[in-house]
Amino acid sequence: MRGPGGSVSWSRAHWIVGLLALLAFPLTGQYMLHIAGVPHLDDVTRLVFRSRHLLLLVAGVANIALSNSQPLHRAQKVASVLIMLSPALLVVAFFVDPGRGLHSSQIFRLSMYGLWIAGILLAIVNRPRRKQSPRP
């Protein structure tokens with residue numbers, strides 16, 4: 001992604017995706033309450049709805065947290081793409097997974113593995129390094 005010359009910067013893309021996820025969060029909450037009737041559903045279905053709902057919030061916050069950074073390394077760019085894809089995958093999983101019971105969809109697994117891989121990549125690239133003291 002490029003900056004001022006044309007397309008959207010990485011920072012702005014994370015901000016937009018994060019904002020959309022944060023706006024979708026109360027909408028999924030209202031859907032659970034008024035349309036799906038989640039409080040009256042069986043435990044498993046209620047758990048699946050709520051977990052996808054809360055993970056959407058986490059993915060939105062992760063994107064907002066990255067909205068003030070610019071990936072420099074290829075690994076950081078891959079992690080950014082995976083983190084930006086996760087809210088969309090979680091919205092789909094929110095609607096698909098409750099009907100599957102305890103058997104998560106491939107879409108949900110992709111979003112979770114993607115976030116895990118992104119976390120590992122960022123942990124490696126952004127690891128604290130010892131400062132080398134100047135030699136006399």
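Contact here means heavy atoms within 4.5 Å. The model examined is a predicted one.

Neighbours within four places in sequence were set aside. Ser80 is then in contact with Trp10, His14 and Pro71. With His14 there is also a polar contact, made side chain to side chain at 3.0 Å.

Helix α1 covers residues 10–35. The axes of α1 and α3 lie 11 Å apart, at an angle of about 15°. Angles under 35 degrees count as roughly parallel, and α1 is therefore roughly parallel to α3. The crossing of α1 past α3 is left-handed. On the α1 side, the residues that meet α3 are Trp10, Ala13, His14, Val17, Ala21, Thr28, Tyr31 and Met32. On the α3 side they are Lys77, Ser80, Val81, Ile83, Met84, Pro87, Phe94 and Phe95. By class, this contact has twelve nonpolar residues, three polar and one charged.

Helix α3 also packs against helix α4, residues 106–125. Here the axes come within 8 Å and cross at roughly 155°. Angles over 145 degrees count as roughly antiparallel, so α3 is roughly antiparallel to α4. This crossing, too, is left-handed. From α3, the contact draws on Ala75, Gln76, Val78, Ala79, Leu82, Ile83, Ser86, Leu89, Leu90, Val92 and Ala93. From α4, the contributing residues include Ile107, Phe108, Leu110, Ser111, Met112 and Gly114. Leu115, Ile117, Ala118, Leu121, Leu122 and Val125 of α4 also take part. By class, the contact of α3 with α4 has 19 nonpolar and four polar residues, and no charged ones.

A polar atom of the Ser9 side chain lies 3.2 Å from the backbone nitrogen of Arg12. Between Ser9 and Val58 the separation is 49 residues in sequence. In space, their C-alpha atoms are 22 Å apart.

Note on methods. Residues are numbered from 1 along each chain as its sequence is written. This is a predicted model: local features need pLDDT of at least 70, side-chain atom pairs count only at pLDDT 80 or more; totals for chains, interfaces and linings use all residues. Side-chain values use heavy atoms; hydrogens and water are left out. A polar contact is a pair of N or O atoms within 3.5 Å; within protein, one must be able to donate a hydrogen and the other to accept it, and residues adjacent in sequence count only if both atoms are side-chain atoms. Axes are lines fitted to C-alpha atoms, for helices over the stretch in contact, and angles run from 0 to 180 degrees between N-to-C directions. Helices (H or I, at least four residues) and strands (E, at least two) are DSSP runs, numbered from the N terminus. Angles under 35 degrees count as roughly parallel, over 145 as roughly antiparallel, 65 to 115 as roughly perpendicular and the rest as oblique. A crossing is left-handed if the near helix is turned anticlockwise from the far one by less than a right angle, and right-handed if clockwise. Ala, Val, Leu, Ile, Met, Phe, Trp, Tyr, Cys and Pro count as nonpolar, Asp, Glu, Lys and Arg as charged, and the others, Gly among them, as polar.
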